Each structure stands twice: as C-alpha cells, then as structure tokens.
Amino acid sequence: MNKIFNGDLEKYLTDIIVEVKPKSILIITGKSSYKKTNAEAFFNKLKPRFDVTIYNKNQANISFKEVLNILKDFENLKFD
C-alpha cells in the first residue's frame with residue numbers, strides 16, 4: 001500500500017485532475033499512510049493550482065461515525 005502513488009496511479013490521477021479541472025479538492029488520508037507514501041508530495045504540487053483540503057482521519061480503519069463527522073466538518077464547503 002505504501003507504494004500506491006508510484007508509477008501509473010500518479011499519472012492517472014494527474015490526467016483526471018487536468019481533465020476535470022476542479023476548483024477545490026478534498027483529500028481524506030489514512031492515519032499515517034499519507035506521510036509514508038508520496039501522496040503528500042503529489043498533493044502539495046497541486047496546491048498552487050487548486051484549493052486542496054487535506055483531512056487526516058483519526059482511525060486506522062475509517063468508521064461510519066468518522067465519515068459523518070467529516071461530512072459535518074465540511075458541510076458548508078463545496079468540493080468538485
């Protein structure tokens with residue numbers, strides 16, 4: 001899992017982002033995987049061009065309760 005952003009997936013995500021041209025992006029990260037992979041560097045490269053919001057989840061495996069809390073935290077914001 002820690003190699004998820006190496007190789008083709010990074011290019012695939014870049015292609016999608018270039019095609020969709022979102023104004024804002026919400027990223028929900030794993031408890032520690034975001035820092036262990038290249039995901040942090042990848043999304044930091046996007047920050048100058050897009051409004052990127054990073055949410056670091058609290059639990060190793062996300063629960064329904066945590067999803068509800070995320071939705072409550074960001075209910076007034078619009079993400080593409």
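User: Let us start with Lys 21: buried or exposed?
Analyst: Lys 21 counts as exposed, because its relative accessibility is 63%. Here buried means under 20% relative accessible area, exposed means over 50%, and partly exposed lies in between, with a 1.4 Å probe and protein chains only. Before we go on, please note that this is a predicted model, in which local features need pLDDT of at least 70 and side-chain atom pairs count only at pLDDT 80 or more, while totals for chains, interfaces and linings use all residues. Residues are numbered from 1 along each chain as its sequence is written, and side-chain values use heavy atoms, with hydrogens and water left out.

User: Where is Lys 21 found?
Analyst: Lys 21 sits in the loop between H1 and S1. Helices (H or I, at least four residues) and strands (E, at least two) are DSSP runs, numbered from the N terminus. Lys 21 follows H1, and its phi is positive at about 55° although Lys 21 is not a glycine. Most residues other than glycine have a negative phi.

User: How far does H1 reach from its first C-alpha to its last?
Analyst: Helix H1 covers residues 8–20, 13 residues, and reaches 18 Å, close to the 18 Å expected at 1.5 Å a residue. The expected span is 1.5 Å times one less than the number of residues.

User: What pattern does the protein follow along the sequence?
Analyst: The order is α-β-α-α-β-α, with four helices and two strands.

User: Changing topic, what pLDDT does the protein average?
Analyst: The average is 78, and 88% of the residues score at least 70; pLDDT is the predictor's confidence in each residue, from 0 to 100. Over residues 1–5 the pLDDT is below 50, yet this stretch has 11 contacts in the model beyond near neighbours in sequence. A contact means heavy atoms within 4.5 Å.

User: Where is the place of Phe 50?
Analyst: Phe 50 is in the loop between H3 and S2. Phe 50 counts as buried because its relative accessibility is 12%. Beyond neighbours within four places in sequence, Phe 50 contacts Ile 17, Lys 21, Pro 22, Lys 23 and Ile 25. The C-alpha atoms of Phe 50 and Lys 23 are 5.8 Å apart, although the two residues are 27 residues apart in sequence.

User: And Tyr 34, buried or exposed?
Analyst: Tyr 34 is buried, because its relative accessible area is 7%. Tyr 34 lies in helix H2, and its contacts beyond four places in sequence are Thr 29, Ala 39, Glu 40, Phe 43, Ile 54 and Asn 56.

User: Which side chain makes a polar contact with that of Thr 29?
Analyst: The side chain of Asn 56 does, at 2.6 Å. A polar contact is a pair of N or O atoms within 3.5 Å; within protein, one must be able to donate a hydrogen and the other to accept it, and residues adjacent in sequence count only if both atoms are side-chain atoms. Thr 29 and Asn 56 are 27 residues apart in sequence and 5.0 Å apart in space, C-alpha to C-alpha. Thr 29 lies in strand S1 (residues 24–29), and it counts as buried because its relative accessibility is 5%.

User: Which residues is Thr 53 in contact with, neighbours within four places in sequence aside?
Analyst: Thr 53 is in contact with Ile 25, Leu 26, Ile 27, Phe 74 and Phe 79. Thr 53 belongs to strand S2 (residues 51–56), and Thr 53 counts as buried because its relative accessible area is 18%.

User: Finally, how many of the 80 residues are buried, as a percentage?
Analyst: Buried residues make up 28%.
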